[in-house]
Amino acid sequence: MPHSSRPVMTIVGGGFAGTALALQLRQQPGLQQAEIHLIEPREIPGPGLAYSARRPEYLLNVRPGALSLYPDAPTHFADWLNTQPESAAGVPDFAPRAAFGRYLHQELSAALAPTATAPRVLWHNTRALAAPLLGRHRRTVLLANGTEIESDYVVLALGNFPPPPPAGPDHRYLHHPGYHADPWAVGNLRRIDPDDDVLLIGSGLTAVDVLLALHQDGHRAPVTVVARHGRWPSAHGPVAPPYPGFYDELAPETTVAGALRVFKQHLRAAAAQGIDWRPVLDSLRPDLGRIWGAWPLVEQRRFLRHLAGLWAVTRHRSPPQNAQALADLTAAGLVRLQVGTVREILPADDLLKVRVRPHGAAGSWLTARHVVCCAGPLLDYGRIADPLVMSLRDAGQLAADPLGLGMLTDAHGALRGPDGVVSGTLFTLGPSRRPAYFESTAVPEIRQQAAELAAELARRVQQGRNEQA
């Protein structure tokens, strides 16, 4: 409950989630006098890690009509894109990610400009280190530059964290010049010479981007891709009519097998009508949280163990032109996909030796001059070493969920501690809320979370004023 007529809200993280929340807070009628602080260490707030890369070959993996910042204005990004250089010949089906980054930055920049009719948004170009309680109802957010912000509400919009080391126990390779832990780091891939042997760990959308970037830079040597399941992301199909939702059939199912049985029935019915599988899968999207939440923990764990990999490559698809480019590189012998798990990486002078273990086999050694980690992000908040996360975890105010997918929260995104106590001052949105929704990383889901959280915080501010009256 705020202690003053000027509530202070601090958002830690200035990528898509933090930007969306700041913009939604500014639209709340009851927050005209609020002060909103946005903590983002990158030099340009708004794009975050996902949309900062300036390479034109890095494309958005969904069409522009699904990417608006505002749930009540679904064509906002597409309309903006129509005015940009990328659209001189028409709005592209799949725009460069850098264009979306510019869109986010421009929208946020307008919010950073002072105005008499909306809350102030103040950007701090630094990191948050801790957010200890100040009494019962406020927190002090401690920043790396020495600033302290007394806040009524603190929202963690932390995005995704880098993947953990892919192999062990010897971690000397992490310091080898040929190991690339962050494929998005500026200029990182351009350190790879055209004839250098390269090995990628992972075959998801990041790996596809890395392959296209290497090809664009003139790389000529074959690239080995090691992936546990050996699957590439599916390609998007043509725009198609939506498939009717069938949640009423899924609602009684509390097992993965039962839900899969219903889904396969609809796949067969759709195929009999000449309908592609993609609209059937996409029809699940509005109800994913309810489907996931209906499963007991043992069933959620079963899904993660047996089906999460297949879900990832069918649900999170690649632009058709990227899929075709990958097929061409594979046909030319420039990409070799090997099924297995990387177990060990050892420095060998200028090279790296990589032990790959296929399923049920002893494994073999591969050698490459460069190894690029394209694995998925670290989701387990029990292992994340960010100073703010560690301080809240040590204070018993942040708890990882049992499956290692994110944070424990209530229905509003308020953090739940290991003792089950729900915070009245700490909230989160974005990927950290995967335990509640399973999918909490895409634009439509996060922008809806931002709108709902902004309304909830405004409601709490008003409730506090009523109690003080």
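In the predicted model described here, strand S1 (residues 8-12) and strand S2 (residues 35-39) pair in the parallel sense over five bridges, where two strands count as paired if DSSP finds at least two bridges between them, and where helices (H or I, at least four residues) and strands (E, at least two) are DSSP runs numbered from the N terminus. Residues are numbered from 1 along each chain as its sequence is written. Because this is a predicted model, local features need pLDDT of at least 70 and side-chain atom pairs count only at pLDDT 80 or more, while totals for chains, interfaces and linings use all residues, and side-chain values rest on heavy atoms, with hydrogens and water left out.

S2, in turn, pairs with strand S3 (residues 120-124) in the parallel sense over five bridges, with Val121 of S3 as the bridge partner of Ile36.

In a regular strand the side chains alternate between the two faces of the sheet. Five of the five residues of S1 are buried, so this strand is largely enclosed by the rest of the structure; here buried means under 20% relative accessible area, exposed means over 50%, and partly exposed lies in between (1.4 Å probe, protein chains only). Both faces of S1 are covered, with Val8, Thr10 and Val12 on one side and Met9 and Ile11 on the other. S2 is likewise mostly covered, five of its five residues being buried, and Glu35, His37 and Ile39 point one way from this strand while Ile36 and Leu38 point the other way. By contrast, Thr117, which is found in the loop between helix H3 (97-112) and S3, is exposed, with a relative accessible area of 64%. The C-alpha atoms of Thr117 and Gly168 are separated by 55 Å, although the two residues are 51 residues apart along the chain.

A further sheet, which is open, consists of three strands in the order S13-S14-S15 with antiparallel pairing. Strand S13 (341-348) and strand S15 (364-368) stand at its edges, each with a single partner strand, so one side of each is left without a neighbour in the sheet. S13 is joined to strand S14 (residues 351-357) by seven bridges, and Val342 stands opposite Val356 in S14.

The second largest pocket has a volume of about 490 Å³. On a 1 Å grid over the protein atoms alone, a pocket is an open set of points, where a 1.4 Å probe fits, with protein on both sides within 12 Å along at least five of seven lines, and lining residues have an atom within 4 Å of a point; grid points are joined across faces, edges and corners, and a volume is the space filled by probe spheres set on the points. Of the 21 residues that line this pocket, Leu260, Phe263, Leu281, Phe303 and Trp311 are the closest to its centre. Helix H6 (256-272) gives the most to the lining, with six residues.
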